[in-house]
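The sequence and the structure come first, and the description follows.

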Amino acid sequence: MRKILYTNQEVSGLVSSELVARGWSVRRCCREFNKKNHLRVLRGEVRGLDKDFLQRVKSNNFKVLSQRVLELCLFLELDLCRRKQIHAQHHLVDEFLTLEHVIKTNPSIKHDLKKILKNLAIVAGGEAINEIC
């Protein structure tokens with residue numbers, strides 16, 4: 001077995017980034033994984049992918065890099081044994097994971113934070129400030 005060179009948090013960020021890059025929702029990723037691995041699932045070689053599991057991986061809410069996580073990474077063509085330079089996109093994923101944690105610990109700020117992020121996205125997209133208000 002080759003050595004895994006990523007932490008759980010980094011794996012979580014890589015999975016999240018890959019789903020964004022492919023334009024896939026959690027549901028679509030599960031559907032594609034299960035479709036590709038249909039026979040292996042029937043034979044009991046791998047477990048099917050479900051939304052709860054994938055969401056736990058995306059939000060870094062897993063403790064062990066299990067075979068199931070490794071199968072997901074293999075499906076997404078993420079080589080965990082070869083360290084790549086982490087791009088700015090992965091750092092953004094870390095920031096969003098931090099925001100997710102803050103929201104979980106203080107749910108009352110969720111609505112305000114959503115408005116702030118939406119406004120930031122509008123500004124970054126080049127729309128005029130007047131259109132935000």
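The axes of α2 and α5 come within 11 Å of each other and cross at roughly 90 degrees. Axes here are lines fitted to C-alpha atoms, for helices over the stretch in contact, and angles run from 0 to 180 degrees between N-to-C directions. Angles under 35 degrees count as roughly parallel, over 145 as roughly antiparallel, 65 to 115 as roughly perpendicular and the rest as oblique. The helices α2 and α5 are therefore roughly perpendicular to each other.

On the α2 side, the contact is made by Cys 29, Glu 32, Phe 33 and Lys 36, and on the α5 side by Glu 71, Leu 72 and Phe 75. Contact means heavy atoms within 4.5 Å. By residue class, the contact of α2 with α5 divides into 4 nonpolar, no polar and 3 charged residues. In this division, Ala, Val, Leu, Ile, Met, Phe, Trp, Tyr, Cys and Pro count as nonpolar, Asp, Glu, Lys and Arg as charged, and the others, Gly among them, as polar.

## Basis of the model

The model is predicted: local features need pLDDT of at least 70, side-chain atom pairs count only at pLDDT 80 or more, and totals for chains, interfaces and linings use all residues. Residues are numbered from 1 along each chain as its sequence is written, and side-chain values use heavy atoms, with hydrogens and water left out.

## The chain as a whole

The secondary structure of the protein chain comes to 8 helices and 0 strands. Helices (H or I, at least four residues) and strands (E, at least two) are DSSP runs, numbered from the N terminus. From that end on, the elements run α-α-α-α-α-α-α-α.

Of the 133 residues in the protein chain, 29% are buried. Buried means under 20% relative accessible area, exposed over 50%, and partly exposed in between (1.4 Å probe, protein chains only). Among contacts with a separation of 6 or more, 69% join residues 24 or more positions apart.

## Helix α1

Helix α1 covers residues 8–22, and at 1.5 Å a residue its 15 residues should span 21 Å; the end C-alpha atoms are 21 Å apart, which agrees. The expected span is 1.5 Å times one less than the number of residues in the helix. Just after α1, Gly 23 takes a positive phi of about 75 degrees.

The buried residues of α1 are Asn 8, Val 11, Ser 12, Gly 13, Leu 14, Val 15, Ser 16, Ser 17 and Leu 19. Ser 16 has 11% relative accessibility and so counts as buried. Not counting residues up to four places away in sequence, Ser 16 touches Lys 58 and Val 93.

## The nonpolar core

The largest nonpolar core has 23 residues, of which Val 11, Val 15, Cys 29, Leu 54, Leu 72 and Leu 76 touch the most other members. Such a core is a set of buried Ala, Val, Leu, Ile, Met, Phe, Trp, Tyr and Cys residues joined through side-chain atoms within 4.5 Å. Helices α1, α2 (26–36), α4 (51–58) and α5 (67–75) each supply at least two residues of this core. The helix that gives the most is α5, with 5 residues.

Where does Val 15 lie? Its place is in helix α1. Val 15 is buried, with a relative accessible area of 0%. Leaving aside neighbours within four places in sequence, Val 15 is in contact with Leu 54, Val 57, Lys 58, Leu 72, Cys 73, Leu 76 and Leu 78. Val 15 and Cys 73 are 58 residues apart in sequence and 7.1 Å apart in space, C-alpha to C-alpha.

## Helix α5 and its other partners

The axes of α4 and α5 are 12 Å apart, and the two helices pack at an angle of about 85 degrees. The helices α4 and α5 are therefore roughly perpendicular to each other. Phe 53, Leu 54 and Val 57 of α4 make the contact with Arg 68, Val 69 and Leu 72 of α5. These residues divide into 5 nonpolar, no polar and 1 charged.

Leu 70 also lies in helix α5, and is buried at a relative accessible area of 16%. Leu 70 and Val 11 are 59 residues apart in sequence and 9.6 Å apart in space, C-alpha to C-alpha.

## Two loop residues with positive phi

Asn 60 is in the loop between α4 and α5. Phi of Asn 60 is near 55 degrees, a positive value in a residue other than glycine. At 28% relative accessibility, Asn 60 counts as partly exposed.

Glu 77 is in the loop between α5 and α6 (88–105). Phi of Glu 77 is near 60 degrees, a positive value in a residue other than glycine. With 65% relative accessibility, Glu 77 counts as exposed.
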